[in-house]
Amino acid sequence: MKIMQPLLVAALCAAVGSAYAAEHKLNADVVVVGAGSAGLTASVQAAENGAKVILLEKNPFVGGSSSFAEGLFGVESEWQRLRSDTLTREEALKGLLERHFHQIDAIKTKDYVEGSAENLDWLAKHGIKFEVVRMTPWEEPTWHVIGEYKGSNHGAALIKALKDNADKLGVETLMSTPATKLLTNKEGDVIGVEAKAKNGDTYVISTKNVILASGGFGDDPKKVQEWAHRDPKAWKSSVPVNKTGDGIQMALDIGAQMGPVSFVGHHGTEGKGIKFLSNLYVTSWQPAALWVNADGNRFTNEGVALSFSQAANAIYSQYGHYAWSIFDDSQVKYMMEKGVDSGVGVLVPVGAKMTELQKDIDAALKADSDAFKAASSVAQLAKEINVPEKNLERAVAEYNKYCEEKHDGMFYKNPAYMRPLNTKKLYAIKLGAYYFSSYGGLRTNRDHQVLDKNNKPIKGLYAAGLEVSDMVGPTYTTWSSGHAFGFAAYSGRHAAINATKDLKK
Ligand SMILES: Cc1cc2nc3c(=O)[nH]c(=O)nc-3n(C[C@H](O)[C@H](O)[C@H](O)COP(=O)(O)OP(=O)(O)OC[C@H]3O[C@@H](n4cnc5c(N)ncnc54)[C@H](O)[C@@H]3O)c2cc1C
């Protein structure tokens with residue numbers, strides 16, 4: 001028997017598949033688009049309020065970015081009470097307005113700050129455990145890191161717990177079934193959603209309430225360029241999960257107003273022989289180093305490494321959008337024996353000993369890494385990282401002088417992170433700018449309803465989580481650690497509370 005060409009088989013399968021693709025007509029009180037933390041809190045709350053809920057998820061798995069996150073913002077929570085933490089809601093609101101340059105929605109932020117503790121209580125009642133962790137001296141202890149649930153931790157635990165609750169409440173979840181279009185009547189009110197499953201099946205779901213929670217546009221480089229005016233080759237999603245701004249685009253298509261966009265940025269590195277979150281990767285997050293730009297000049301207080309979002313800005317602002325972090329053999333020893341000064345979330349906590357660091361260094365050098373170099377003199381290092389030797393010589397000499405004097409005469413870095421460089425045993429790791437997720441796109445009112453171009457709510461349309469504008473300014477701040485995840489879980493739930501209020505009318 002003649003074996004069929006694989007391409008022919010694929011074409012036949014596609015033809016047969018589409019011939020048998022089913023058209024489903026469904027109805028629901030609430031349709032939720034996206035099964036991350038915003039979408040799952042929305043689904044559970046809506047179902048608890050008696051609504052028939054259909055949850056659409058684009059991927060073959062639930063969780064989106066939320067599965068990778070670690071902790072949620074909260075203030076005056078039970079967990080903070082038990083630690084005798086002192087930050088008040090008033091201080092949190094004031095601090096947020098200032099740190100976001102008043103470029104955020106003050107009233108929605110107030111609601112979020114004041115509702116954050118109750119929202120954590122609600123999550124705890126749904127099986128989620130918390131512990132308050134402070135990651136760096138730059139932040140307030142607002143980060144409620146999630147404990148274990150059925151063998152999972154952090155964001156994955158929250159997702160598993162909420163999905164269990166949703167299943168128990170009868171939420172119908174359609175996996176690998178992205179929403180593709182919002183349906184409206186002639187008044188412009190939302191009356192349904194269309195979705196297309198990966199197997200070709202189509203869905204037309206009639207509903208009076210759609211909650212968009214599709215997690216932003218960070219994995220679509222074209223939108224990163226067009227909507228955020230960033231160079232997607234140098235400003236990159238570090239954990240892409242297929243989020244392409246679908247919710248935002250669908251809302252824009254029916255007349256929603258485009259709001260400001262931002263990112264949860266962070267610095268980091270990538271290159272031949274360097275694994276994400278390896279001991280060598282973690283060197284790129286350390287403040288005890290000399291950072292130089294493409295000209296070989298020191299350009300910032302490296303202490304910014306303690307606030308990852310601002311560190312991404314400092315690096316992206318440089319010519320070519322990159323920098324080099326220079327350290328030496330004594331820093332390698334310090335990280336191996338004493339542990340890191342700056343953690344990478346709770347995955348690499350402060351003080352974690354980088355026992356594999358020397359091994360990672362040897363492997364990266366053996367791989368002739370483009371992003372990691374070693375040298376036995378400043379002149380050699382300048383050649384390796386392709387910066388003017390004279391500038392690098394001056395930067396190292398000045399830095400070492402400031403270290404000896406225990407006073408950073410240029411950028412006033414905390415002397416705790418000023419350690420002189422041994423110029424006979426130098427290393428350099430390339431720094432780049434990345435983000436965990438985009439932030440913003442749709443403007444919503446206090447009830448989480450999406451606003452149209454005339455600033456009027458679009459009846460039946462809500463948005464939550466990362467697709468909501470005006471919750472961060474031009475830059476995310478780590479001061480209120482857990483801000484993005486906390487807001488996703490808060491706004492999803494509160495969008496559902498408002499959407500189901502409408503049902504009773
Ligand atoms: C590694 C990492 C660590 C992080 N740590 C923290 C942290 O500790 N604290 C913090 O505040 N923030 C953190 N964040 C950011 C945090 O993940 C987000 O703020 C939050 O989880 C976003 O929740 P969300 O529900 O809005 O989006 P997501 O969780 O991304 O969910 C969106 C969902 O929508 C789905 N979707 C997309 N398009 C469609 C469509 N057309 N139809 C149906 N479904 C669709 C996606 O597949 C996804 O499942 C971190 C992010 C990463 C990547």
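Two residues are in contact when heavy atoms of theirs lie within 4.5 Å. The model described here is predicted.

**Helix α4 with helix α5**

- Two packed helices are described by the angle between their axes and the distance between the axes.
- Helix α4 (residues 89-99) packs against α5 at about 145 degrees, and the two axes are 10 Å apart.
- The crossing in which α4 passes α5 is right-handed.
- The residues in the contact of α4 with α5 comprise six nonpolar, one polar and three charged.
- Thr-109 is buried, because its relative accessibility is 0% and buried means under 20%.
- Leaving aside residues up to four places away in sequence, Thr-109 touches Leu-93, Leu-96, Ile-104 and Met-471.

**Helix α2 with helix α15**

- Helix α2 (residues 37-48) and helix α15 (residues 483-503) cross at roughly 35 degrees, and their axes come within 7 Å.
- This crossing of α2 past α15 is also described as right-handed.
- On the α2 side, the contact is made by Ser-37, Ala-38, Thr-41, Ala-42, Gln-45 and Ala-46.
- On the α15 side, the contact residues are Phe-485, Ala-488, Ala-489, Gly-492, Arg-493, Ala-496, Ile-497 and Thr-500.
- By class, the contact of α2 with α15 has eight nonpolar residues, five polar and one charged.
- An α-helix has 3.6 residues a turn, so residues three or four places apart point the same way.

**The enclosed helix α10**

- Helix α10 is largely enclosed by the rest of the structure, because seven of its nine residues are buried.
- The buried residues of α10 are Phe-308, Ser-309, Ala-311, Ala-312, Ala-314, Ile-315 and Tyr-316.
- The cover over these buried residues includes β12 (235-237), β13, β14 (290-292), β15 (323-328) and β17.
- Gly-265 is part of strand β13 (residues 258-268), and its relative accessibility of 2% counts as buried.
- Among the residues that Gly-265 touches are Phe-308, Ser-309 and Ala-312, as well as Trp-235, Tyr-434 and Tyr-435.
- The C-alpha atom of Gly-265 is separated by 29 Å from that of Leu-381, and these two residues are 116 residues apart along the chain.

**Aromatic rings**

- The structure contains 18 aromatic pairs.
- The pair of Phe-276 and Tyr-281 is edge-to-face, because the planes of the rings stand at 75 degrees and a value over 60 counts as edge-to-face; the ring centres are 5.1 Å apart.
- Phe-276 is partly exposed, at a relative accessible area of 45%, whereas Tyr-281 is buried at 2%.
- Phe-308 and Phe-436 form an edge-to-face pair, with 5.8 Å centre to centre and 75 degrees between the planes.
- This pair links distant parts of the chain, since Phe-308 in helix α10 (residues 308-316) and Phe-436 in strand β17 (residues 426-442) are 128 residues apart.
- Phe-308 is buried at 11% relative accessible area, whereas Phe-436 is partly exposed at 31%.
- Phe-217, Trp-227, Trp-235, Phe-263, Tyr-316 and Tyr-435 are linked by ring pairs into a cluster.

**Charges over rings**

- Arg-230 lies over the face of Trp-235, at 4.2 Å from the ring centre.
- The charged end of Arg-419 sits over the ring of Tyr-334, 3.9 Å from the centre of that ring.

**Positive phi values in loops**

- Lys-406 is a residue other than glycine with a positive phi, near 55 degrees.
- Lys-406 lies in the loop between α14 (389-405) and β17 and is exposed, at 61% relative accessibility.
- His-448, likewise a residue other than glycine, has a positive phi near 70 degrees.
- His-448 lies in the loop between β17 and β18 (449-451) and is buried, at 4% relative accessibility.

Note on methods: Residues numbered from 1 in each chain as written. Predicted model: local features only at pLDDT ≥ 70, side-chain atom pairs only at ≥ 80, totals over all residues. Heavy atoms only, no water. Phe/Tyr/Trp six-rings, centres within 6.5 Å; stacked < 30°, edge-to-face > 60°. Buried < 20%, exposed > 50% of the residue type's maximum accessible area, 1.4 Å probe, protein only. Helix = DSSP H or I, 4+ residues; strand = E, 2+ residues; numbered from the N terminus. Lys NZ or Arg CZ within 6 Å of the ring centre and 35° of its normal. Axes fitted to C-alpha atoms, helices over the stretch in contact; angles between N-to-C directions. Left-handed = near helix turned anticlockwise from the far one by under 90°. Nonpolar A, V, L, I, M, F, W, Y, C, P; charged D, E, K, R; others polar.
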